[in-house]
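Here is a walk through one structure, residue by residue. Keep the sequence and the model open side by side.

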Amino acid sequence: MCLVSFSKDGEYSSKKKFDVFNNKQPVWAYIELTDFCSHKCSWCYGDFPSKDKKYLDTDSLRVVLTKLKEIGIQQLSIGGGEPTEHPDWDEIQSIIGEYDFKSKHILTHGDNIDVSKFEEAGITSVHINYQGSKRHKAIHKTNYQDQLNGIDNCKEAGIPITASITVGKYNLKDLDSIIKETDDLGFNRVRFWETTGVGVDFLKDLDVHEIFDECSRVSKKYGYIHSYSYEPWYKDADINVPCIQVSNLGMYVDYNGRLKFCGATAKDMFITDIVNNKSEDVLNSYLEYNKNFSCNNCEARNATYKEPDDIRWG
């Protein structure tokens, strides 16, 4: 269960991390501010709506950000749950603004999102969970217009927007209309997750090849031509990294300030506590833990599959 991204522009903020990536240590970090999200997407691997509204406190966030800088992280992704529903969201934006990561992304459902402090925070991109007008109500259980309002707010502020689209056979036939909408709405990039992993049962065991081939075809039709892939089965992108975690590209920090193995896994694969350990020890624990895994046994997909012959990044 991993993503493939297509962009209209060959240069975009998240690409900067690849300029220094050498498979030896991470350059990207995802921080889970909370385990709560008010949306109720049926395929969500996090099962966020049923959680107990736990949040990363602001003091711990400062410690985490400081240590990520010391480790050498270049790109920061802030998500959840839903990050904008954190009770200290205003203060968190100010804290993020104190750190000079090369790129800073917000991953959000986008509903009526207030972008007034994004310039102060240094936000370079907003990634919106976009499933298209046809199925929005059925999937999100919310008002589609609220999301359109958030999209307009980002565009008016000049902030690049990326559509994060979850794909399975249930909506594969809708991809053309969905990507046409992203094109019309001004999304500069589209990112696809497939739902063969730990999502709901009826979405499992689908053909990954078919899904990503169709994603590629439709994206290119609407001018999204520059691509990178974190999916072992899709290795025709301009940049290929077969696994974010095993390739030592990215770190995942949860709302307790703990470093975990890949946020898309069903089980809690705890590596170490970032808040209470030195940055050097955190990095060493991360690198050692990753040695126990390979791309041909994806913990998120929860199934063993044959590894492609020429897995590499480049």
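**Cysteines, charges and backbone**

Cys 41 is buried, because its relative accessibility is 11%, and the cut-off for buried is under 20%. The model is a predicted one. Cys 154 is buried too, with a relative accessible area of 0%. How many disulfides does a search of the whole structure find? The search finds zero.

Salt bridges are another matter. The whole structure holds ten of them. Asp 174 is buried, because its relative accessibility is 7%. Arg 135 also takes part: Lys 134, Arg 135 and Asp 174 are linked in a network of salt bridges.

Now move into helix α6. Here Lys 180 forms a salt bridge with Asp 184. The closest N and O atoms of this pair are 2.9 Å apart. Both residues lie in the helix, four residues apart, which is about one turn. Lys 180 is partly exposed, at a relative accessible area of 40%. Asp 184 counts as exposed, because its relative accessibility is 52% and the cut-off for exposed is over 50%.

Go further along the chain for another bridge. The side chains of Asp 254 and Arg 258 meet at 2.8 Å, N to O. Asp 254 is buried, because its relative accessibility is 1%.

Which residues form a negative surface patch? They are Asp 57, Asp 59, Asp 88 and Glu 91. Asp 88 lies in the loop between β3 (75-79) and α2 (89-97). Asp 88 counts as partly exposed, because its relative accessibility is 31%. A patch member needs over 30% relative accessible area and no salt bridge.

Glu 70 is exposed, with a relative accessible area of 52%. Glu 70 and Lys 278 are 208 residues apart in sequence. In space, their C-alpha atoms are 9.7 Å apart.

Which residues does a cis peptide bond join? The bond joins Gly 80 and Gly 81, and omega is about 20°. Gly 81 is found in the loop between β3 and α2. Asp 88 lies in the loop between β3 and α2 as well.

Asn 112 has a positive phi of about 50°, although it is not a glycine. Asn 112 is placed in the loop between β4 (103-108) and α3 (118-121). Asn 112 is partly exposed, with a relative accessible area of 40%. Asn 248 has a positive phi of about 65°, and it is not a glycine either. Asn 248 lies in the loop between β9 (239-240) and β10 (250-253). Asn 248 is buried, because its relative accessible area is 13%.

Methods:
Residues numbered from 1 in each chain as written. Predicted model: local features only at pLDDT ≥ 70, side-chain atom pairs only at ≥ 80, totals over all residues. Heavy atoms only, no water. Patch = residues over 30% accessible without salt bridge, like charges linked within 9 Å, V, L, I, M, F, W, Y side chains within 5 Å. Areas by Shrake-Rupley, 256 points an atom, 1.4 Å probe, with all protein chains shown as cover. Salt bridge = Lys/Arg side-chain N within 4 Å of Asp/Glu carboxyl O. Lys, Arg positive; Asp, Glu negative; His and termini not counted. Charge placed at Lys NZ, Arg CZ, Asp CG, Glu CD. Helix = DSSP H or I, 4+ residues; strand = E, 2+ residues; numbered from the N terminus. Buried < 20%, exposed > 50% of the residue type's maximum accessible area, 1.4 Å probe, protein only. Disulfide = S-S within 2.5 Å.
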